[in-house]
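Here is a short briefing to read alongside the model. Please keep the viewer open as you go through the points.

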Amino acid sequence: MFAMTTKLKTRLVLVIMTFVFAGTAYFYYQEQQNGLPDGTIKLNGRTEAEHYLASTKVAGKILKLQAREGDEVKAGQVLAVLDDVQVRARVTQAAAAYGAVQAQLKAAQKGLDVLKQQVPLQIETAESAVRYAKAVLNSAKETALQMTTDEKRYENLYKRGTIEKHQHENALLAKKLADDDVKIAYTALNQSEKALNEAKLGWQQIEAKQEDVNAVKAQSLQAQATLMEAMSVFDDMKIIAPTDGVITTKLVNEGEVVASGAGLFDIVNLNEVYLKGYVAEGKVGLVHLGQKADIRIDSMPNVAFPATVRYIASQTEFTPKEVQTQDERVKLVYAIKLYLDSNPEKRITPGLPADAYIQVK
């Protein structure tokens, strides 16, 4: 009786374990068949990356290529050099012209500075001379007035016989000399005033010289602009990488002549890798910019790469043809882009099949 009960219990446990296993397998199968857990949206597609075209601004002949397909380059790195013989000659010519104008400007400015120092000093000296001449004239006038008074007094005394004739004559001579001093003082004053007026004309010379300096400055600026333009064209002879990345395509060879704006290298920035997927019209409202997600690459299924939603299309489109089933291709969807937060060791490159899982709750 006890043995029978044990066997029964053992069979019952086996039956229960069978049902549990079958149920677990069933639910796992349903999950695989019917989709993802609630709150998760799955997208699939291939990884892509931002492309940059290293182009030339000017037309010219490719003198040297300094990069090739597969090379990892840095922003600003020289990738190719155009033939710059003619441009180098223009730079030399422009530099010589600019140097000559600079020398002319330096000389003109020096002359102006000298005038600015001399003219005020000359005017000050002339004004001092005028003041001195006026003082001399006033003194001469006073002396002449005194001599005139003395002469009249001596004349009266001589007429009355009080003084000798020679005394009167001396008074007349003193008056004449005093009058001559007044005339000389007037002449000196006129000359000093004339010198002052001539000194003041120096301000006009300064203005004229300033105009000359301004004209040479304008020539200098024009020559400088010509030199800078030539140097800019010279710099454009070197084609540089617009960003960090890897060269995927080399579009030219050495010796070829390229037109202005021609592309020379196609560069992929592996720091801006993204997965482009499509969300059904009925679920796009669950997705928003800045939303976090995980991307799993088919070749690295056990590694989840964090990503962020940075682009959501504003208009619907039919699902692209690369989607496998015809039923899915006729649905209206929104394109979205999920950019990787980082690309360790640049392991993820464009064209890898991948899935994205967005947690919308």
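A residue is called buried under 20% relative accessible area, exposed over 50%, and partly exposed in between, using a 1.4 Å probe and protein chains only. This is a predicted model, in which local features need pLDDT of at least 70 and side-chain atom pairs count only at pLDDT 80 or more, while totals for chains, interfaces and linings use all residues. Residues are numbered from 1 along each chain as its sequence is written, and side-chain values use heavy atoms, with hydrogens and water left out.

**Overall picture**
- The chain has four helices and 13 strands; these are DSSP runs numbered from the N terminus, with helices (H or I) of at least four residues and strands (E) of at least two.
- Of the chain's 361 residues, 30% count as buried.
- Among contacts (heavy atoms within 4.5 Å) with a separation of 6 or more, 78% join residues 24 or more positions apart.

**Helix H2 and what follows**
- Helix H2 covers residues 85-159, and its 75 residues should span 111 Å at 1.5 Å a residue; the expected span is 1.5 Å times one less than the number of residues.
- The end C-alpha atoms of H2 are 109 Å apart, which agrees with that expectation.
- Gly161, which follows H2, has a positive phi near 80°.

**Glu169 in helix H3**
- Glu169 sits in helix H3 (residues 165-235).
- Glu169 counts as partly exposed because its relative accessible area is 42%.
- Tyr158 and Glu169 are 11 residues apart in sequence, and their C-alpha atoms are 9.7 Å apart in space.

**The loop between E12 and E13**
- Glu345 lies in the loop between strand E12 (332-340) and strand E13 (353-359), and Lys346 is also in the loop between E12 and E13.
- Neither is a glycine, yet phi is positive at about 60° for Glu345 and about 55° for Lys346.
- Glu345 has 73% relative accessibility, so it counts as exposed.
- Lys346 has 32% relative accessibility, so it counts as partly exposed.

**The second largest pocket**
- Its volume is about 150 Å³.
- Strand E1 (40-55) and strand E5 (238-240) each supply at least two residues of the lining.
- The lining includes Leu53, Lys57, Asp235 and Pro242.

How values were computed: 1 Å grid on protein atoms, 1.4 Å probe; cavity = no way out; pocket = protein on both sides within 12 Å on 5 of 7 lines; lining within 4 Å. Points joined across faces, edges and corners; volume = space filled by probe spheres on them.
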